[in-house]
Amino acid sequence: MTTIRRFCCDDLLRFSSVNLDHLTETFNMSFYMTYMARWPDYFHAAVSPGDRVMGYIMGKVEGQGESWHGHVTAVSVATEFRRQKLAKKLMNLLEEISDKMDKAYFVDLFVRASNMPAIRMYEKLGYVVYRRVLRYYSGEEDGLDMRKALSQDVEKKSIIPLKRPITPDELEYD
Amino acid sequence: MASKFGLAGGIPERRVRPIWDAVDSRQYKAALKLCTALLAKHPTSPYVLALKGLILERMGKPDEALSVCLNAKEQLYSDNIFHFDDLTLSTLQIVFQRLERLDLATSCYEYACTKYPNNLELMMGLFNCYVREYSYVKQQQTAIKMYKTVGEERFLLWAVCSIQLQVHFSIGGEKLLPLAEALLRKHITSHSLHEPEALALYISILEQQSKYDAALEVLSGDLGSLMGREEDKLRMQPLRALEPDHFNICFTRKNARCLLEHDVNLPKSRTSEHPSSLPVDSALALKTSLSDELVESRLASALSFVQKLQVNDTSDCVRGPHLASIEIERQRRRSGNPTDRKFIEALINYFHRFGHLSCAASDVEIYLHMLSSDETTELLDTISRSFDASSLSVKGLGLAITTFKFLTPSSLFNNPELQHIAKGMVEAFYKNLPLSRDLDPQESMHGEELLCMASSILVQLFWRTRNLGYLIEAILVLEFGLTVRKYVWQYKVMLVHLYSYLGALPLAHRWYVTLEVKNILLESASHHILPQMLNSPLLQQTADLVKDYLKFMDDHLKESADLTCLAYRHRTYSKASYQILFPRIVVSIFSPEGLGLIFAICAILLSLKQKAESLDEVESILENVNHGARLVELSNEDNVKRFTFNEDLQARPWWTPTTSVNFLLETLQVQKCLLLFHFPEPFDEGSTPACFRAKVVLIIYVCHGASWLPPVYGQGRALNLLNKALGAASVRLSHSWLFTTSSVSQYIRLRTRIKLIQEASCVCEHKSTEKDDPKIKDAERKALLPRLVYLSMHGCASSLRETELNGSGLDTDATEMKPLLVKYARSIGYSIDDALSVILGMSSGKKSVKDFTPDIVSWMSFAVFINAWNLWSNESVVPRADESSPSSWQIVDSLVKICVEEQLIDANRILTSPGNNIPVLVQMITEPISWHLVVIQSCVRSMAPQGKKKKKGGPSERPNVPRLQAIQRSVQCMIDTLRSVQSWLSDQMRPEEQALDILLSYLQGGNEDGPGQISCILEENSARHNPELGERIAQSLETWSSAGVVRRIVGAEKELLAELKKICDSKLKLLASVSASLSSALH
């Protein structure tokens, strides 16, 4: 009875049980609003039978040519609804939209290098570490840029790991 | 950006580019230099002027920026203008927007559009201006004009969106919907539609007019193919929740595919506050067109489909088909045989498969209410037999937790049993800790929720027994959890409330801070701490909380209109199917009039409280807010009606006090009432607090009628709550756990009474409006305060001066005071005359202060303002029978004295009396007493120049001697009162060790049934060296000490008292100096 649907503004007022989690960042309003306005297909909420927000995913599509890709900005699930593959479902949805609707070449995401549980989960979902971004998080912690190739990228060129780590100012996108 | 570097306003790109580069890299000085040089060559170029304005604004020179931009505007309007392009206008627009002069930007674009009527770029600019100003009609007109000019679909959609906004924000706006529909239909006939968003918008227009069949037809026709994903299209269909054969549609096979897309998506009420089965039920009730046979055959077909999915399920949709079969069986049971076992079998089957999930209990909560007590027992037995409690496994632990969740609607249990359950939970938590040994320290632990549940039961035991030990144990359990894992927010939220309730607010604040509540969470989660903080002596910390929120609101309001423009630009007009229209919500997601206004008022009141000892500072604070006049306007009735609050109150523990109900204090009435029905108590963990409270009120009402309700409810409020309870939760209520244990006859009796009440409340419906909400009343009253304080100080000062000069105390402001006081009295629920007699009665001891307890602080403030008004009003405000009747000064003095003394009677340590009177005391001192001191200071200051004269002149020049004496007496009274508070506070701050012993003694009763057992378990477990726990958990447990936690509580209490003492100190210091200057004036 889980409903996965587009995230709407009202959900911002009901997602505290997801966002009070210390690993989930609460961004400023214009951030959420911009995502809702520009990439509504990439911003989904999962709602429980009791009509509570179980979790959500937000992302976007950007880039040019062969670097046209989907990006996972945040994915988070409330404690009560963990350990039932909800994040996987949300990720699959975003991948499907990137692949089928937007014909993107790959999906990428950034994760704290220390966040092992998350890294393990992304690996299970088929993501590989493409490169390391030095001091990506608040100038302190390294980030890992993880990628998963989509059907457009027949030769899986997008996920061949870079040998050297990069610095945040070398990133192509914000 | 490309156009930015074109030939703008006749200026070559190479000249302009360096200026923009400098601006972009924040080199404003360099930019200004370049711009000034360019301006020398093109002194009348509106574009260069606009650029200069932009730079000046960025440099923080708004006045200069405005004047330069006004010059640019003038140049634009002059006839000899050569270039007129969007770049110039949009640059000007940016500056005007930042200067908060949207009107100027709009008028520039309006002018340009008149001059070049068919320029699309300019029209789009104008459209955006109207979006920013929320002028929906003009938006619509401009969009239509663009549509007519170029015939593009998107402009038509902009117009339709603008119509929807008008519909939403104006009364009778629905009349415009057919117009929108006609516009779209005409366009479809000639051009069809090309974007999914356009289709979504069309559907929503049809839906707003309840044209569901038409909507369905559109979706299933050619246009339906615009939806990229089949699921999106199908999902738009079940929203026809109120249609008679809705249920029929929901369970057709075609839709079932969609419903099961990600588990099952059963229809929900779109605005449902209370998650319940209501939408389906109401749909069934409306299902008049289907025969029983047809229902049964469709249910059977749905069931076989769902069962097939269960068998063939290879996808990730796990719970859906199983929940669907429970729902189908439920429907069958409702329409057929209530003893049919298939329903319970479906539930048992569900628990076998998913009982270990954290959400298993809440998933099926609504169904559990339908079980008989025998069935409940059977279910419970089955689950508890399905795992081995002695072995360690994540799945077993999950099942154990689900079993515990079944037990917690615990009206079934007596106190020792409850305590036993809580103990079991804590033990299970510890026993299963090894399961979490290899988890990342940031991951949530297995069995985390056990401690929340145990703590909740302990609070319940406290509620039943009033034994403080349970409350302390409730805290210890959560602190223990945080010792093992420091990130669990659920523990922190509960601790925030528990510490607040116990009077250890500094600890509550510290935990709240670690929650890192920011941005939008400030809107939905501040309620956990703010109400307590606002009535605390922690003025600075409170001011910081309020400041954060106001900044957030400010930023949002600045940005939201631009985001709406963004939505238009990117053609995301609607939020898919039945979700709400995007721009509308961007505008109205927060109500700056609601919570925003309350925060704004709080901020002003806080700074007044902080600076009350300096008249100059008070004056400057009031000056900054237009002397409070604007707030009075904002809080007028029309505005107040639109107030909404976005606080996520569902996140609060059930027992936390709100403005209307302090549940823990109402125990006697509630318990008495419940005993009548042989219910030990109505604890129902699953319900929302609001629903739960409503339920309690309902029961009291049912048993005894309104007269028996606690006075705080009042008739109107009770009915309001009743309406909410009945409107949203009646089905749930009648099936709730509360009643399943009752005998049939009681049940029937209650049902009958509920029905009667339902009828009665329908009659009274028109009387109960949202305006009865105490929070709104409170906001209304608070909004008056700054203005009343201003008028009081201003009025009495001028009256004293004028009495000296011409003997007349009349001031124009005096006429404003009365309506405000009338409003103020009304917000407490009285006419002004009745209110006057109340304060007269209280101050003379004829009326008991206790009868007016909930609003006592407001009464005191009222007396203070009445005195101030009386000082300069021509007519006597307070009726005085003769000279011996008390003056208005004496009324204030005696009221303050009586009310404060009343609070000091209880010599018990505040720590041992949770829900203590510190907040009331703080309010008395920081509000009415502060306002009174402001009046006194203002009187004294206005007499200061004359005071000097008096020294030179003779006593005959002192016409104000009686008044000075009254003030002097009042000052003395305030000094005495504050000193008594000081000495009470000192008594409270006894040595720490002593306080520690008192609290610890609650845990050492030695009684097997009493508190203390769980804290023992915690101590023993942490001291035991259990190698299975792993190094990290073992290390963190080493730091655990119950006494340490209790010591922190004592320290926090002391901190709070010391802050209050500090406030008293500074007031006493002020009073001493006032007293000295009064003495010198008098002698």
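Helices here are DSSP runs of H or I at least four residues long, and strands are runs of E at least two long, both numbered from the N terminus. With that in hand, the predicted model can be walked through one chain at a time.

Chain A comes out with five helices and seven strands. Read from the N terminus on, its elements go β-α-α-α-β-β-β-α-β-α-β-β. The radius of gyration of chain A is 16 Å, close to the 16 Å that the globule rule gives for 174 residues, so chain A is as compact as a globular protein of that length. Along the principal axes, the C-alpha atoms of chain A fill a box of roughly 45 × 35 × 30 Å. As for annotation, an unreviewed UniProt entry carries "domain: N-acetyltransferase" over residues 2-151 of chain A. That stretch of chain A, residues 2-151, is 29% helix and 36% strand, and its end C-alpha atoms sit 28 Å apart.

Over in chain B, two helix pairs are worth a look. Packed helices like these are described by the angle between their axes and the distance between the axes.

Take helix 2 (residues 28-41) and helix 3 (residues 46-58) of chain B: their axes are 10 Å apart and the packing angle is about 155 degrees. Since angles over 145 degrees count as roughly antiparallel, helix 2 and helix 3 of chain B are therefore roughly antiparallel to each other. Their crossing is left-handed. On the helix 2 side of chain B, the contact uses B:Tyr28, B:Ala31, B:Leu32, B:Cys35, B:Leu38 and B:Leu39, which meet B:Val48, B:Leu51, B:Lys52, B:Ile55 and B:Arg58 of helix 3 of chain B. Sorted by class, the residues of this contact between helix 2 and helix 3 of chain B are nine nonpolar, no polar and two charged.

The other pair is helix 18 (residues 320-335) and helix 19 (residues 342-354) of chain B, whose axes come within 8 Å and cross at roughly 165 degrees. Helix 18 and helix 19 of chain B are therefore roughly antiparallel to each other, and their crossing is left-handed. Helix 18 of chain B brings B:His322, B:Leu323, B:Ser325, B:Ile326, B:Glu329, B:Arg330, B:Arg332 and B:Arg333 to the contact, while helix 19 of chain B supplies B:Lys342, B:Phe343, B:Ala346, B:Leu347, B:Asn349, B:Tyr350, B:Arg353 and B:Phe354. By class, the contact of helix 18 with helix 19 of chain B has seven nonpolar, three polar and six charged residues.

Technical notes. Residues numbered from 1 in each chain as written. Chains lettered and ligands numbered in written order. Predicted model: local features only at pLDDT ≥ 70, side-chain atom pairs only at ≥ 80, totals over all residues. Axes fitted to C-alpha atoms, helices over the stretch in contact; angles between N-to-C directions. Parallel < 35°, antiparallel > 145°, perpendicular 65-115°, else oblique. Left-handed = near helix turned anticlockwise from the far one by under 90°. Contact = placed C-beta atoms within 7 Å. Nonpolar A, V, L, I, M, F, W, Y, C, P; charged D, E, K, R; others polar. UniProt positions renumbered as here; feature names shortened; annotations may be inferred. Rg over C-alpha atoms; globule rule 2.2 N^0.38 Å.
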